[in-house]
Every structure is written in C-alpha cells, then in structure tokens.
Amino acid sequence: MRRWTDRSTFRLPPWRPSTLPYRPPSHYPSLARMAEPAPSIAPVVRMEHITKRFGRATVLDGVSLELRAGEVHALLGENGAGKSTLLKILAGVYTDHGGTIFMGGEPVRPRSPAHALALGIAVIHQELSLLPALSIAENLFVERPLGRFGLIDRGKERARARAVLAEVGLDLDPDLLVERLSLPERQLVEIARALGRGARVLIMDEPTSALAGPAIEKLFELIRGLQARGVAVVYVSHRMEEIERIADRLTVLRDGRVVGAARVSEVPLVQVITWMLGPRGAASGAAPAPPSPSPRAEILAVEALSVDPATGGRPLVDRVSFAVFAGEIVGLFGLSGAGASELLLGLSGALGSGRARAKEIRLSGVPVRMGSPREARALGVAFVPADRKTMGLVPGMTSEHNGTMVKLPALSPLGLLRPGRERRAALAMATDVGLRPEALAMDVATLSGGNQQKVVLGKWLLEGPRVLLCDEPTRGVDVGAKAEIHARIRALAASGAAVVVAGSDAREIAELADRVLVLRRGRIVAEIARPEASPAALLALAMGHDEAHA
C-alpha cells in the first residue's frame, strides 16, 4: 500500500510540481469504474448526474456519487468546488436541482432536512447545532419528544438517552446541560442524536476542525464502529493524513465536476493535489507579475497571537508570530478551519479583547493595543472582511455613502455633512478602484459581487492605511474585478504600506504574495518565499503532507 505520509515511497519534488506529469483520471484503472469496491458491499445512496445552478452560474455539472454501506467516502475539493452544494442537495436543503438520487435502488428526492432525516440521512455540521441551554436528553429528542397524548415522558427520554449515549461511548447524565459539556463531548452527542434517529448515511463536515489528538482518536474509533454497523459515512476534510487513515474511497470535485475518484490506497497524494488544482494549477509557480519592492522597515509585528472559539475548545489561532515590512504583501494560506480568517479578525479588533490576545503587537516598533475596530482604524490599520455583505457593507445605502463611511468624520466638520465633499471623495474612491461613477447612486446591495468588493476596498483606501488586512479579497468576484483588486493591492504595497492577505485559494495567494505563511490547525507550519510558492506546494503543506515528519 502506498502511504502518503511515508517518504520511503513518495516524495514531493522540492516545490517544483511542474516536473510531475499530469495523469487524467483514465490513467488509473479504478477510476473507470468510479473506484467501486467489492460487489458485496451494498450501495446505500447513488446520486446520478446532479446539476445545480444559482442564476446563470452552474455550481454542479453532472456530478455522480455512490455511497456504500460500511464505507467512509471522503469528498475533497478546494473551497467553491461544489462539495457543500452537493451535500446540501443530499440533505434536503436544496430541492431545485437536476439529476436523480437513489436509495436502496428507489428514486428519492429529499424535500427538506427533516425529510432527509426521515430517509436516514443525517448531517454533523462543522458548527454544531445543539442547544446549550437544554439538557442532553432534551437535545436528543427536541424534534421528536417521547410520550403519549401530547405529554412528554421525561423518564422514557432519559432511559432512551442513556442507551443512545452508550452507543457512542458516553457515560453522562442525560439531565446535564449541554453548555457544561466539552466540545468533543458535544460532537459525540450530536452523532448520538443522528444515530438515535436511525441514520444510514452520516455526513461529517470537517469533524476534527476543533478537536485535539485524543478526541480525534476517539472520533476515529467511533467512525470504525459505525462502519461495522453498516453506516455509510461521508467525510469532508482537507487534512490528508486523516483521509488516509479513515477513508476507504475518495472523490474530488473541481469547478462543480467530478475530476477524480479512487480507492485511497491506490492513489498518491500528488495526484489528488493535481485533481484539485487542475494540470495548470498544479504545474504553475508564482505568477510572473512584478514583485513588490524589497522589504524595508518593519511596519507590523505580531507576537504570540491566539484566538479562542466562542464556545470553548481548542484555540482557533494558537500563539502565532510574524512580521510584515513596508512594501511587502504577506499571504496567509490555509484550508477550512486552519485559522487564517480568525487570525485577521483577531488582529483587526473585530473579536474584541475577550477572544483575541497577544503577547505584543507593534506598529513601526511601537507597542499598541487593538481591542476594537475603532482602535485599529485610529492606528492606521484597515480590515477588508471575507463576508462583505454583513461586515463590510450596509445594504439599503448607496455605494457613495458606503464608500465614504470610514472618512465621514473628516468630511463633516463640526458634525455638519458636506454633500459636495462627500461626492468628490466618492468619485475619487470610484476612480481609484475602477468603479463606474453611475454606480455611486445605486443601492450597494444591487451591485455585482465584484463592484461590492471594490466599494469595501475603496472606502479603506481613502484613509491611506499603514496596514491593510484582507480576508479572501476576491471571493465571489469575476476575473476582471479580481485583476483590478489585485492591481490596487499591489499599488498600495508599492506605496510603502504593509499588506496581509488571507485566503484558501492557493493560486491567488501564490500569485499575489511576496511571502506566504502556511497555517494548519491554527499554527504557522511553513514560510515560503515567492519563487517557491507554487499552488501545489502550498496545498501540500496545508493538507499536512509533512505531518508525520513535522
């Protein structure tokens, strides 16, 4: 068996994946039959030619997937590949789709999450759905209370809860409030709830994202027990060392299509990466765009920054330290749950001082405190969030008002708004980021994603920040807008500002950054300079290729 973490059988070249030949799925014999295991393993679910569109955008294009009893099937792909959409169709969240779903050989169409659960399809979300203020027993039966004639039988619920909890190895008082449980215990209760409803298919979305070593081992032991009971498990994760340990088969999506499928033991990691990125993405290195000027003075220094989750558990960011110099663009690359977004949220003051803490933060060598966005802004630190609709814009207001919001105090001497000044500032902002002037009078909510992002970026550029923090700066924008946003970020760096860009798109980070810090499980695991920062190199490190040797 080829082991992904065994360097005696597999080595990545020294960050030059272009030397690796691209092999299409047809190269592997198992792919011709979609990596079918022995015929004795019965299919539980078969999804055939699933298609889903949002407006003009096709997010799933003829996807087929087969789940078998007693198997763990890993679903892989970059963010935006279509994984979540496919699983939401299976779970009854999206009902308007093309294609057919079969269970036990019969066509079904989950009409809602409740209907999917009645069919035996349960989802364990990355963000757990338990109600903290209720007891374990109440959470287990909140949707289907046990009793007769409209009366809840608490004794019956407690007895049934003990039996269900025992199935996942938990010996807890059913009357214990969920808010008093540890995060691993909550996850096991969530799984127990699914099993108590007779789940035949269990979808697990990044189940180890908030777990540490012993809790992960217990989860894997439970998954193996589910396999023995004939449950089909869909395992969504970016951590390849976990996929190798727990999964039987894998399917890779890219741009809404199946681009590869195989038994885990038959395919090397480098091929999985190539499927995820495509032949061009895996072979390409950093973009040939001119790099930013050589770093000069240190602008931003961060020492031992940690960010805690809202509900307790393993830190989302764990004692991260780094520095950014004048004229430099530093990329923070990590896959889902790696902590890159949380790092910027904590650094910008958006999480407050309760959840984010650091040994020291310095701006141009001077220790500072940034416990709120207001404090960060006063120090010349701007933050462009990933969620522009809820954190970056005010729907219902015009683009002009959104674009001048940050600079409004300077445009309103003595508290009196000067429309002429605001209009001139808005026009300057629009010119700077390539926004059409007529868009300024429109409700910002009606603009395209690319133009909305230009407004979010432009309002901060009006301030002339010393430090720009960007989280997924081109998420959901078209190619043209992406190029314009990249050009403006580079121009700001060229003017002497320090820029930090976080993202999960390996191509974008490799193209934009002068230096890349790779995060995994809340920690920096590698630092790569621009010439070596190919998408494949970044993805391999983020997936934990060197986990066994770190």
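At what angle do the axes of helix H16 and helix H17 cross, and within what distance do they come? In this predicted model, the axes of H16, which spans residues 419-433, and H17, which spans residues 449-461, cross at roughly 115° and come within 9 Å. The crossing of the two helices is right-handed. On the H16 side, the contact is formed by Met429, Asp432 and Val433, while H17 contributes Lys454, Val455, Gly458, Lys459 and Leu461.

Nonpolar side chains are considered next. In soluble globular proteins, nonpolar side chains tend to be buried together. The largest nonpolar core of the model contains 100 residues, and those with the most contacts inside it are Ile191, Leu202, Leu250, Phe333 and Leu538. Helix H20 (residues 535-543) gives the most to this core, supplying seven residues. Another core, of 32 residues, lies apart from the largest one and includes Val320, Val381, Val467 and Leu519. When neighbours within four places in sequence are left aside, the contacts of Phe333 include Gly503, Ser504, Asp505, Ala506 and Ile509. Val516, Leu517, Val518 and Leu519 are also in contact with Phe333, as are Leu538, Leu539 and Ala542.

Arg362 is located in strand E17, which covers residues 360-363. Because its relative accessibility is 18%, Arg362 counts as buried, the cut-off being under 20% relative accessible area. The side chain of Arg362 makes a polar contact of 2.7 Å with the side chain of Glu303. Glu303 is also among the residues in contact with Arg362 when neighbours within four places in sequence are left aside, together with Glu298, Ile299, Leu300, Ala301 and Pro367. Asn139, in helix H4 (residues 136-140), has a relative accessible area of 0% and is therefore buried. Beyond its neighbours within four places in sequence, Asn139 is in contact with Leu130, Leu131, Leu134, Val178 and Arg193.

Helix H2, formed by residues 83-90, is mostly covered, with six of its eight residues buried. The buried residues of H2 are Lys83, Thr85, Leu86, Leu87, Ile89 and Leu90. Just after H2, Gly92 adopts a positive phi of about 85°.

Backbone angles were also examined at residues other than glycine. Most residues other than glycine have a negative phi. His49, although not a glycine, takes a positive phi of about 55°, and Glu472, likewise not a glycine, has a positive phi of about 50°. His49 belongs to strand E1 (residues 43-54), whereas Glu472 is found in the loop between strand E20 (467-471) and helix H18 (479-494). With a relative accessible area of 52%, His49 is exposed; Glu472, with a relative accessible area of 9%, is buried.

Key
Residues are numbered from 1 along each chain as its sequence is written. This is a predicted model: local features need pLDDT of at least 70, side-chain atom pairs count only at pLDDT 80 or more; totals for chains, interfaces and linings use all residues. Side-chain values use heavy atoms; hydrogens and water are left out. Axes are lines fitted to C-alpha atoms, for helices over the stretch in contact, and angles run from 0 to 180 degrees between N-to-C directions. Helices (H or I, at least four residues) and strands (E, at least two) are DSSP runs, numbered from the N terminus. A crossing is left-handed if the near helix is turned anticlockwise from the far one by less than a right angle, and right-handed if clockwise. Contact means heavy atoms within 4.5 Å. A nonpolar core is a set of buried Ala, Val, Leu, Ile, Met, Phe, Trp, Tyr and Cys residues joined through side-chain atoms within 4.5 Å. Buried means under 20% relative accessible area, exposed over 50%, partly exposed in between (1.4 Å probe, protein chains only). A polar contact is a pair of N or O atoms within 3.5 Å; within protein, one must be able to donate a hydrogen and the other to accept it, and residues adjacent in sequence count only if both atoms are side-chain atoms.
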